[in-house]
Amino acid sequence: MTTSTRPSVPPHGGKPSYSFDNNDPAAADRHNFLAEMLDEPTFARLAELGDLTGRRCLELGAGGGSVARWLAAQTGPTGTVVATDLNPRHIPDDPGYTVLRHDLKDPLPDGPWDLIHARLVLMHVPQRREVMHRLVEALAPGGVLVIEDWLTSAGKLVLAAPDDEAEALVDAYQDTLVGQVLTANGTDSTWAAHIHSVMLAEGLVDVDTVIHSRSWPGGSAGALLVAANVAQVRTQMLTRGFTEAQLANLQRLVHDPRLVVRGHLTYSTVGWREQVSG
């Protein structure tokens with residue numbers, strides 16, 4: 001087991017390359033909502049990989065740290081968990097893992113790693129293909145890479161709404177956020193659907209993809225994530241035609257249980273590095 005360390009956090013300043021800046025006050029809510037939405041299927045997926053006791057695990061883009069905590073519990077005192085983030089300020093201190101500030105464009109923390117996991121990370125990284133190559137190279141023989149990303153290009157999230165105007169507002173939010181704001185910052189809304197083929201091209205074996213999603217009524221994490229997103233990209237939404245009144249209506253709407261939205265399709269793809277023969 002390693003000790004937890006936390007680099008100092010720079011003051012809020014220059015424009016981040018990532019759309020959702022961890023220095024923003026709304027970032028904590030966003031991490032909490034994402035954990036509530038995704039931790040259960042992520043933990044189930046990772047549990048399928050076998051006994052992690054004593055393993056070396058690298059958690060990339062650790063966000064609020066929930067997956068790193070789970071991994072630390074699985075690896076136990078003889079294992080190693082390193083949790084990285086471009087800005088790790090929301091990863092809680094925990095004796096079970098080490099926290100590192102890390103940009104995926106830089107060399108990876110020293111491996112080799114038995115498990116590398118990244119959730120909602122590579123879709124936002126323009127150099128994602130190069131990063132995937134380096135992740136595969138950092139695996140130990142018999143190691144496993146788990147990449148989980150959203151296919152945000154699959155539109156029409158509204159399953160039910162109080163009226164047509166409310167449905168149109170949520171649709172406009174989704175189209176603007178995904179099609180304009182995130183794309184301008186380097187996000188690939190189709191990347192999730194390519195992960196499987198990329199893993200095969202990199203020589204990983206037993207590649208497997210599971211796709212999941214569920215419904216979220218107003219007041220639940222999946223709907224409230226909309227409000228957290230709006231809080232973080234408000235200026236960018238306003239410059240792309242939204243009004244303050246529309247954003248205020250949207251933030252009220254996501255508390256209305258008559259609104260039901262579909263979560264994005266989560267592609268969870270696993271690939272293994274072959275054992276060294278002989």
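1. In this predicted model, the axes of helix 6 and helix 7 (residues 244-253) come within 10 Å of each other and cross at roughly 170°. Angles over 145 degrees count as roughly antiparallel, and helix 6 and helix 7 are therefore roughly antiparallel to each other. On the side of helix 6 the contact is made by Val226, Ala227, Val230, Ala231, Arg234, Met237 and Leu238, and on the side of helix 7 by Glu244, Leu247, Leu250 and Gln251. By residue class, this contact of helix 6 with helix 7 divides into eight nonpolar, one polar and two charged.

2. Helix 6 (residues 221-239) also packs with helix 1 (residues 27-47), at an angle of about 155° and with the axes 9 Å apart. Helix 1 and helix 6 are therefore roughly antiparallel to each other, and helix 1 passes helix 6 in a left-handed crossing. The residues that meet are Ala27, Arg30, Phe33, Leu34, Glu36 and Met37 in helix 1, and Ala221, Gly222, Leu224, Leu225, Ala228, Asn229 and Gln232 in helix 6. The residues of this contact of helix 1 with helix 6 comprise eight nonpolar, three polar and two charged.

3. A further partner of helix 6 is helix 4 (residues 164-184), where the two axes come within 11 Å and cross at roughly 60°. That angle makes helix 4 oblique to helix 6, and the crossing in which helix 4 passes helix 6 is left-handed. Tyr173, Thr176, Leu177 and Val181 in helix 4 meet Val226, Asn229, Val230, Val233, Gln236 and Met237 in helix 6. The contact of helix 4 with helix 6 has seven nonpolar residues, three polar and no charged.

4. Turning to the sheets, three strands form an open sheet in the order 6-9-8, with antiparallel pairing. Strand 6 (158-160) and strand 8 (215-217) are its edge strands, each of them pairing on one side only, and the twist from one strand to the next averages 30°. Strand 8 and strand 9 (residues 260-262) run antiparallel and are joined by three bridges, and proline 217 stands opposite valine 260 in strand 9. Helix 6 packs on this sheet, touching strand 8 and strand 9, and the direction of helix 6 makes about 70° with that of strand 8.

5. The other sheet to inspect is an open one of seven strands, in the order 3-2-1-4-5-10-7 and with mixed pairing. Its edge strands, each pairing on one side only, are strand 3 (98-101) and strand 7 (205-212), and the twist averages 15° from one strand to the next. Strand 4 (residues 113-119) and strand 5 (residues 139-151) pair in the parallel sense over six bridges, with tryptophan 113 standing opposite leucine 139 in strand 5. Helix 2 packs on the sheet, where it touches strand 1 (56-60), strand 2 (80-85) and strand 4, and its direction makes about 170° with that of strand 2. Helix 3 (residues 128-137) lies across strand 1, strand 4 and strand 5, and runs at about 150° to strand 5.

6. The structure holds one aromatic pair. The rings of phenylalanine 43 and tryptophan 70 have their centres 5.2 Å apart and their planes at 10°, so the pair is stacked. Since phenylalanine 43 lies in helix 1 and tryptophan 70 in helix 2 (residues 66-75), the pair ties together parts that are 27 residues apart in sequence.

7. Two features of the backbone deserve a separate remark. Most residues other than glycine have a negative phi, and most peptide bonds are trans. Glycine 111 and proline 112, however, are joined by a cis peptide bond, with omega about 0°, and proline 112 has its place in the loop between strand 3 and strand 4. Lysine 156, although not a glycine, has a positive phi of about 55°, and this lysine 156 is found in the loop between strand 5 and strand 6.

Note on methods. Residues numbered from 1 in each chain as written. Predicted model: local features only at pLDDT ≥ 70, side-chain atom pairs only at ≥ 80, totals over all residues. Heavy atoms only, no water. Axes fitted to C-alpha atoms, helices over the stretch in contact; angles between N-to-C directions. Helix = DSSP H or I, 4+ residues; strand = E, 2+ residues; numbered from the N terminus. Parallel < 35°, antiparallel > 145°, perpendicular 65-115°, else oblique. Left-handed = near helix turned anticlockwise from the far one by under 90°. Contact = heavy atoms within 4.5 Å. Nonpolar A, V, L, I, M, F, W, Y, C, P; charged D, E, K, R; others polar. Pairing = 2+ DSSP bridges. Phe/Tyr/Trp six-rings, centres within 6.5 Å; stacked < 30°, edge-to-face > 60°.
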